[in-house]
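My entries follow in the order in which I looked.

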Amino acid sequence: MSLFKKIFSSQKKETLDKGLEKTKTSFFSKLGKAVAGKSKVDDDVLDNLEEVLVSSDVGVDTTLKIIERIEARVARDKYVGTDELNSILRSEIAALLSETNDGDISDIQIPKDKKPYVIMVVGVNGVGKTTTIGKLAHRFKNQGLKVVLGAADTFRAAAIDQLQVWADRVDVPIVKQQMGSDPASVAFDTLSSAVTQDADVVIIDTAGRLHNKVNLMNELTKVKRVMQKVVEDTPHEVLLVLDGSTGQNAFEQAKQFTKATEVTALAITKLDGTAKGGVVIGISDQFKIPVKYIGVGEGIEDLQAFNKYEFVDSFFKI
């Protein structure tokens with residue numbers, strides 16, 4: 001179990017444990033029913049386990065991978081008791097997630113060789129996009145970095161207002177225009193301002209809707225093209241924010257956005273208020289895009305760098 005012998009920040013880990021409480025309670029309740037009256041992991045238990053994983057929003061494809069791994073283990077070990085199922089699931093899911101490149105960082109940070117480091121944030125309205133931006137800005141500022149926000153989600157006045165609230169709360173500058181303005185124009189002004197201010201990090205809020213994938217693709221392509229007139233290789237990161245409490249809907253949003261633009265990182269929010277935290281396992285496995293951040297509480301510090309070892313440890317902590 002050396003995967004779990006990592007040094008976790010106790011406060012961060014406590015927040016993660018608490019944030020996954022509803023998911024864990026729901027999962028173990030279902031798992032208990034799946035193995036009731038059984039002492040050995042057999043075909044019936046595996047069928048029940050498959051149902052538990054799918055209903056816990058792990059996703060069908062990822063569930064089948066996990067079941068295959070456990071079947072192989074049962075075939076190899078000949079006898080596997082149901083009392084071992086928790087530890088087996090824990091190790092097999094950790095091993096599965098270890099095949100992706102994400103989830104090894106222990107803190108929120110940016111590369112030192114890009115200045116300004118430009119993050120373009122996408123996601124539908126209501127997923128916690130603006131809150132994620134505000135919390136990221138707070139963390140970067142606390143690291144002594146100069147942060148500039150850009151309100152390029154111009155479709156709704158509320159999006160601009162909400163970002164202004166976070167800019168005021170965190171005390172960082174914001175570049176904005178009127179509702180209905182060209183998002184690319186806002187992005188251009190934001191980068192120009194950031195360069196003038198010698199900023200370290202720029203976070204651009206954009207694309208709060210997904211009603212027409214072609215329009216979204218054109219808009220995001222234009223935003224990127226215009227930003228590159230100011231800083232050549234931008235954006236350095238395209239962060240898609242997904243609401244973990246929507247379960248399978250988060251999968252669908254991830255599919256649509258990854259078709260519309262080149263997403264390089266994911267943030268999965270609102271895990272503390274839901275029993276659907278298994279969605280992190282499925283999304284991490286299915287999309288070859290790093291899950292970089294998870295939201296496990298409403299506090300300003302409750303956006304965490306996603307560490308798969310910490311996550312699996314909390315998920316299966318009894």
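I began in the sheet, where I found that Ala 151 has Asp 205 of S4 as its bridge partner. Before going on I noted that this is a predicted model, in which local features need pLDDT of at least 70 and side-chain atom pairs count only at pLDDT 80 or more, while totals for chains, interfaces and linings use all residues. Residues are numbered from 1 along each chain as its sequence is written, and side-chain values use heavy atoms, with hydrogens and water left out.

**Strand S2 and its partners**

I took helices (H or I, at least four residues) and strands (E, at least two) as DSSP runs numbered from the N terminus, and I counted two strands as paired if DSSP finds at least two bridges between them. S2 and strand S4 (residues 201-205) run parallel and are joined by 5 bridges. On strand S3 (residues 174-175) I found 2 bridges to S2, again in parallel, with Val 175 as the partner of Gly 150.

I then asked which residues of S2 point which way. Val 147, Leu 149 and Ala 151 point one way, Val 148 and Gly 150 the other way, and all are buried, where buried means under 20% relative accessible area, exposed over 50% and partly exposed in between (1.4 Å probe, protein chains only). Because 5 of the 5 residues of S2 are buried, I recorded the strand as largely enclosed by the rest of the structure.

S2, H7 and S3 make a right-handed β-α-β unit; right-handed here means that, with the strands pointing away from the viewer, the path from the first strand over the helix to the second runs clockwise.

**Thr 154**

Next I looked up Thr 154, which lies in the loop between strand S2 (147-151) and helix H7 (157-170). Not counting residues up to four places away in sequence, Thr 154 touches Ile 160, Gln 178, Met 179, Gly 180, Ser 181, Pro 183 and Val 186, a contact being heavy atoms within 4.5 Å. With Ser 181 I noted that the side chain of Thr 154 reaches the backbone oxygen at 2.7 Å.

**The whole sheet**

I followed the strand order as S3-S2-S4-S1-S5-S6-S7-S8, an open sheet of 8 strands with mixed pairing. S3 and strand S8 (303-305) are the edge strands, each pairing on one side only. At the S8 end, 3 bridges join this strand to strand S7 (residues 291-295), and the two run antiparallel; Tyr 293 stands opposite Ala 305 there.

**Helices H4 and H11**

I asked at what angle the axes of helix H4 (residues 60-77) and H11 cross. They cross at roughly 90° and come within 9 Å, the axes being lines fitted to C-alpha atoms, for helices over the stretch in contact, with angles from 0 to 180 degrees between N-to-C directions. I therefore recorded H4 and H11 as roughly perpendicular to each other. The contact is made by Asp 61, Thr 62 and Lys 65 of H4 with Ile 281, Gly 282, Asp 285 and Gln 286 of H11.

**Lys 24**

My last entry is Lys 24, which sits in helix H2 (residues 21-34). Is Lys 24 buried or exposed? At 11% relative accessibility I counted Lys 24 as buried, and, leaving aside neighbours within four places in sequence, I found Lys 24 in contact with Ser 314, Phe 315 and Lys 317.

Conventions:
Polar contact = N/O pair within 3.5 Å; in protein donor to acceptor, adjacent residues only side chain to side chain. Parallel < 35°, antiparallel > 145°, perpendicular 65-115°, else oblique.
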